[in-house]
Amino acid sequence: MMRTFVPYGAAADEVPAGWGVRRAVRLDFPGPAALAADPVHTERLRVYLTDLLRPYGLALDAAALAGAGHAYGEMAEVLIERAVPTGESVDLLVLAYSVPDIAPGRATTTRLSHVCPGTPMAFAVTDQGAAAPFTALRLIRAYAGRLPRALLLVVEQPSLPYDSGIPVDLPATSSGVALLLGPPTPGTPTTPLGRVTTGPASAAQARTALAKFAGPATGADPLAEPAAPAAVILGSALAAQAPPLPGAPRVRTAAPGRPTTGVWWELAAELSAPPAEPAPLIVADHDPLSGTLSVAAFAAATEEALAAAAAPGRA
Amino acid sequence: MTAVVAVAAYLPEGRVRIEEVAGRLGLSGMQAKIFRRYHKLGEVALDPHGGLADLLRGALRRLDGLRGQEHRVRYVLHARTFPTVVPYPHDPVGELCEEFGLGHAAVFAVGHHACASGLLAVDAAGRLLAADDDRDGLALVLTGEKAFTGEAQLVPETSFFGEGAAACLVSAAGERDRMLAYATDPRGEFDTDDQETALEFQRVYADTLAAAITAAVGRAGLAMDEVGVILPHNVNRVAWHQVCRTLGYPRERVVLDNVATTGHVFCADGFINYLTARDRGLLRQGEPYVMAAAGAGSGATFSAMVFAH
């Protein structure tokens, strides 16, 4: 579907009131991709990876290649089916990942645009480690005035059939999280998205930043100055470095085997069983390779958002 | 309003005749002849010794507009034709940013629009800066890749890839080359190895690319005859002549100068052709121009962007 845009700046770019996460789905994909069983594909992948590795003096582990690994296109199709309610459409689909999949030359999101209801604009954000989903969220919000119904797909798979020579934390299994974002709709609880930041930070700086969430404060911005005690979701490496957070009623820690999807996996769990007393929610992760600290603030569904859901036309 | 602040490009000195590339890829002499005589391709730019970082470094060194402004760069986007271009987790783009004093910026790749990803990156960069309400901030869009494997050397029936790079500084509030509109049409139905679908893709290629240009120009509130020049992707001359026929647009106003001498330089073509057009005096103050690309390879994306110089 042809979509046209004019540059950001008009009133049309204002994010709809109460816009945020409407639905979250998380899934493990324990088996390999169907594509992995295709010998023609495997041979094509062997050539691609062999040529990719050669200039770096690296060699392909051909035995690890055969029949292994997952394709983000296949995983995403299942996530789309589970996350997008029947009869609804999506305007923008963004795929975020760190580890390449077994279709490294494929424009997967173009295919996903074809299969996702609404034929959304679609693109991928990569090469930023665990920060990529946070950047994807920032981009989704930057487009939200024009493309309000969005789907963020955060995916990872463990097959890397070569030793890159760089220590890297690979996932234990293939998994994906889908966040359906949009304006509040009647009958659907929506968790508004607050500030999202990504920036360079050492482990020590990350600890200092996290200390901001360690106690109750009074500000309206849960990132700059946490309001009510916040529930906090931390990436596994970050949790190991983090100071105690006595002010947070719940601290969820991502499992070590989910280096990219982990915090989003926990967010999906948090949103599926919201506490009786809603509190601002912080998702934070630290990418050790790039040294990037990423933080996303989600406000608990507020009275205003609920009112907007009841009267969609109101700002 | 999203604007391009500065553009620079780098093409390695090495050139290889398309017959040599075709021979390495197992194409017949007749196929190579068709590429030369019909598509008007001649040679492609290649750097046999350098890596991705060397290509991008070449463009960054020429980006005079970056000097002294490094602290203003908030985002660095590498716009990719191929989603995976280095072994994971190697990060030559991140290392290059450190080298150029951009270690504070958020560095990431955007893509899956194949060769149209460069236009996506410009739009995304402008929106990120504007959403931050950051009028002082800049984003750096990097384009260019290595033709490291067969898939990254040949666009079947269409073109050969060449190596090179471009660097483009984007702001959310500039006056120099203001972006007026962007149109993009992802066509995932072409993501198949089916021969009939491949033929259908060839059949609709020119019309769909023309439709993207028409949509962007219309969204900018303009008519085609107000467009001074089109800065194309360098796939071949024939495809663009077909686009011109569909548009009723004079083919001599499409900057096809580099098609025969560089090959299709991934997402960098539009920016390389911008510099060619500027050097030839084809960009006139206030006059709109179009940058357009079709990205093909497991699905296709047709995109166009209108600027006012």
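Strand β8(A) pairs with strand β10 (residues 281-287) of chain A in the parallel sense, over four bridges. β8(A) also pairs with strand β9 (residues 251-253) of chain A, again in the parallel sense, over three bridges. The model is predicted.

**Strand β8 of chain A**

- β8 of chain A covers residues 231-234.
- A:Ala231 and A:Ile233 point one way from the strand, while A:Val232 and A:Leu234 point the other way.
- Both sets of residues are buried.
- A:Val232 has a bridge partner in β10(A), namely A:Ile282.
- In β9(A), the residue opposite A:Val232 is A:Val251.

**Chain A overall**

- Chain A has nine helices and eleven strands.
- Of its 315 residues, 54% are buried.
- Take the contacts in chain A between residues at least 6 apart in sequence: 76% of them join residues at least 24 apart.
- The accessible surface of chain A is about 11,800 Å². Carbon and sulfur atoms hold 58% of that surface.

**Chain B overall**

- Chain B contains nine helices and 13 strands.
- A compact globule of 309 residues would have a radius of gyration near 19 Å, and the 18 Å of chain B agrees with that.
- The C-alpha trace of chain B spans about 55 × 45 × 35 Å along its principal axes.
- In chain B, 66% of the 309 residues are buried.
- Among contacts in chain B with a separation of 6 or more, 78% are between residues 24 or more positions apart.
- Chain B has an accessible surface of about 10,700 Å², and 47% of this belongs to carbon and sulfur atoms.
- Chain B carries 29 positive and 38 negative charges.

**Helix α4 of chain B**

- Helix α4 of chain B runs over residues 92-99.
- Its buried residues include B:Pro92, B:Val93, B:Gly94, B:Leu96 and B:Cys97.
- The cover over the buried residues of α4(B) includes a helix of chain B, α3 (52-61).
- Strands β4 (73-79), β5 (106-111) and β6 (138-143) of chain B are also among the elements that cover them.
- B:Gly101 follows α4(B) and has a positive phi, near 75°.

**The loop between β4 and α4 of chain B**

- B:Thr84 sits in this loop.
- B:Thr84 has a relative accessible area of 7%, under the 20% cut-off, so the residue counts as buried.
- The peptide bond from B:Tyr88 to B:Pro89 is cis, with omega near 5°.

- Most residues other than glycine have a negative phi, and most peptide bonds are trans.
- A:Asp127 has a positive phi, near 60°.
- A:Asp127 lies in the loop between β4 (121-126) and α5 (132-143) of chain A.
- The relative accessible area of A:Asp127 is 29%, which makes the residue partly exposed.
- B:His112 is not a glycine either, and its phi is positive, about 75°.
- The place of B:His112 is the loop between β5 and α5 (117-131) of chain B.
- B:His112 is buried, at a relative accessible area of 3%.

**Helix α6 of chain B**

- B:Arg203 is part of helix α6 (residues 195-219) of chain B.
- B:Arg203 has a relative accessibility of 59%, over the 50% cut-off, and therefore counts as exposed.
- B:Thr192 and B:Arg203 are eleven residues apart in sequence. Their C-alpha atoms lie 16 Å apart in space.

Definitions and conventions. Residues are numbered from 1 along each chain as its sequence is written. Chains are lettered from A and ligands numbered from 1 in the order in which they are written. This is a predicted model: local features need pLDDT of at least 70, side-chain atom pairs count only at pLDDT 80 or more; totals for chains, interfaces and linings use all residues. Side-chain values use heavy atoms; hydrogens and water are left out. Helices (H or I, at least four residues) and strands (E, at least two) are DSSP runs, numbered from the N terminus. The radius of gyration is taken over C-alpha atoms; the globule rule is 2.2 Å times the number of residues to the power 0.38. Buried means under 20% relative accessible area, exposed over 50%, partly exposed in between (1.4 Å probe, protein chains only). Contact means heavy atoms within 4.5 Å. Accessible areas come from the Shrake-Rupley method with a 1.4 Å probe; for residues, only the protein chains shown count as cover. Lys and Arg count as positive and Asp and Glu as negative; His and the chain ends are not counted. The place of a charge is taken as NZ of Lys, CZ of Arg, CG of Asp or CD of Glu. Two strands pair if DSSP finds at least two bridges between them.
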